[in-house]
Amino acid sequence: MEALTENIDLESDEGSPLTLSHSTNAKQSFQFETSHTSGDRLSVLRELQLTAFHSIYIVLFKAKINVLLPFGPLAILLHYLTGQHGWVFFFSLLGIAPLAERLGYATEQLAFYTGQTVGGLLNATFGNATEMIISLYALKSGMIRVVQQSLLGSILSNMLLVLGCAFFTGGIVHYPKVQVFSKATAIVSSGLLLMAVMGILFPAVLHFTHTEVHFGKSELALSRFSSCIMLVAYGSYLFFQLKSHSNLYDSIDEGRENNGEDSDGEVPEITKWEAISWLTIITLWVSVLSAYLVDAIQGASDSWNIPVSFISVILLPIVGNAAEHASAIMFAMKDKLDITLGVAIGSSTQISMFVIPFCVVVGWIMGQPMDLNFQLFETATLFITVLVIAFLLQEGTSNYFKGLMLILCYLIVAASFFVHVDNKSGINYADDD
């Protein structure tokens, strides 16, 4: 028994140095891992800081148009210090212009991760975010005519000015080549625009022919019913575009990219989540400035002696469409007209088939009598514009002369609204009935 005890003691004594050596190695290994982990954390933090600074520089400082960003806070200061609505409106316009362009940029960066079809849809959606926010603020304030005219002006601006400038610059850059685009998608878009004209035309005709069953109520009821139908049609169009017939919207350039033949070699400058974050931040800032812009519209009209209709139809959409304008021209210069049409005509389609009916439904919820009666002058302008666009797109080709025609048509429209006196005074649509 004593021998067995001694043997156990010897074995335990012999095992002690090994145990000490093992524990020392474990401590050294733990210290090494701890220092290595802390070093990794520091490098990750530095990398995140560099990425954040790089993202801020790319989005806020790189583009030259961002020199206009300080005019936004300046407009807010003038609103509280002076009350001069003309200058508040002017500086708000200048402050919103770079934000609209940066919205387009962030959307283009996000399009690198989503594909061209979804990217074009995103570009049109966030490009219209400015107009939608301004419209909701104006609707809340009871300025229904401002809502109607600004949305109408956005459609006219996209179809005539934005698409015209894109066709013109693309035609000049690629002269004497004739640029081509998908006729099938152009015809679908033209059909949707004509359907929107139908939805807007009938309430106006009902009103001006005095054939309502219940005067003042049938027109509003028809507008709300037609708006719901238009929203269903636009939802069906999205399913058609993104799911059931997505092959129709696969442009030639997308096919090249899938085959590894992208000649531009473009890469995104910011990550997907950075793009989403910037979209959120910029949209919130646009919504803040839009409130001051809407409040100053009537005062600016009085101080500048310019009709509210001209401000709503021409000035507001030019600023709101800055994103679409830059994107459409850029893609046309790269001979990617399918994306150009997706941005310009897609934006017009989205406003006419989604934003306008959406505002009617929101006005219904708010208790505001927002309807689809855009008045005779505005409805006729939209109808003729859609006809011009449908004729120019039916061939599936583009050149600088078509672009020039569209630009000149827009100048005629702008001049018409400059001398147009709106029957509705502009602030509260309900008061006139």
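Predicted model: local features only at pLDDT ≥ 70, side-chain atom pairs only at ≥ 80, totals over all residues.
On the side of helix 2, the contact is formed by Phe71, Gly72, Leu74, Ala75, Leu78 and His79. These residues meet Trp87, Val88, Phe91, Ser92, Leu94 and Gly95 of helix 3. Sorted by class, the contact of helix 2 with helix 3 comprises eight nonpolar and four polar residues, with no charged residues.

A second pair of packed helices is formed by helix 15 (residues 376-393) and helix 16 (residues 400-418), with an angle of about 175° and axes 12 Å apart. Helix 15 and helix 16 are therefore also roughly antiparallel to each other. Helix 15 contributes Phe377, Glu378, Thr381, Val388, Ile389 and Leu392 to this contact, while helix 16 contributes Lys402, Met405, Leu406, Val413, Ser416 and Phe417. Eight of the residues in the contact of helix 15 with helix 16 are nonpolar, two are polar and two are charged.

Helix 3 also takes part in the surroundings of helix 11 (residues 297-304). Within helix 11, the residues Ile297, Gly299, Ala300 and Ser301 are buried. The buried residues of helix 11 pack against helix 3, helix 6 (144-173), helix 10 (272-295) and helix 12 (308-320). Asn305 follows helix 11 and has a positive phi, near 55°.

For the protein chain as a whole, 16 helices and two strands were assigned. The chain has 433 residues, of which 48% count as buried. Among contacts between residues at least 6 apart in sequence, 84% join residues at least 24 apart.

A disulfide is a covalent bond between the sulfur atoms of two cysteines. The structure holds zero disulfides. With a cut-off of under 20% relative accessible area for burial, Cys165 counts as buried because its relative accessibility is 17%. Cys359 has a relative accessibility of 0% and therefore counts as buried as well.

Methods. Residues numbered from 1 in each chain as written. Heavy atoms only, no water. Contact = heavy atoms within 4.5 Å. Helix = DSSP H or I, 4+ residues; strand = E, 2+ residues; numbered from the N terminus. Nonpolar A, V, L, I, M, F, W, Y, C, P; charged D, E, K, R; others polar. Disulfide = S-S within 2.5 Å. Buried < 20%, exposed > 50% of the residue type's maximum accessible area, 1.4 Å probe, protein only. Axes fitted to C-alpha atoms, helices over the stretch in contact; angles between N-to-C directions. Parallel < 35°, antiparallel > 145°, perpendicular 65-115°, else oblique.
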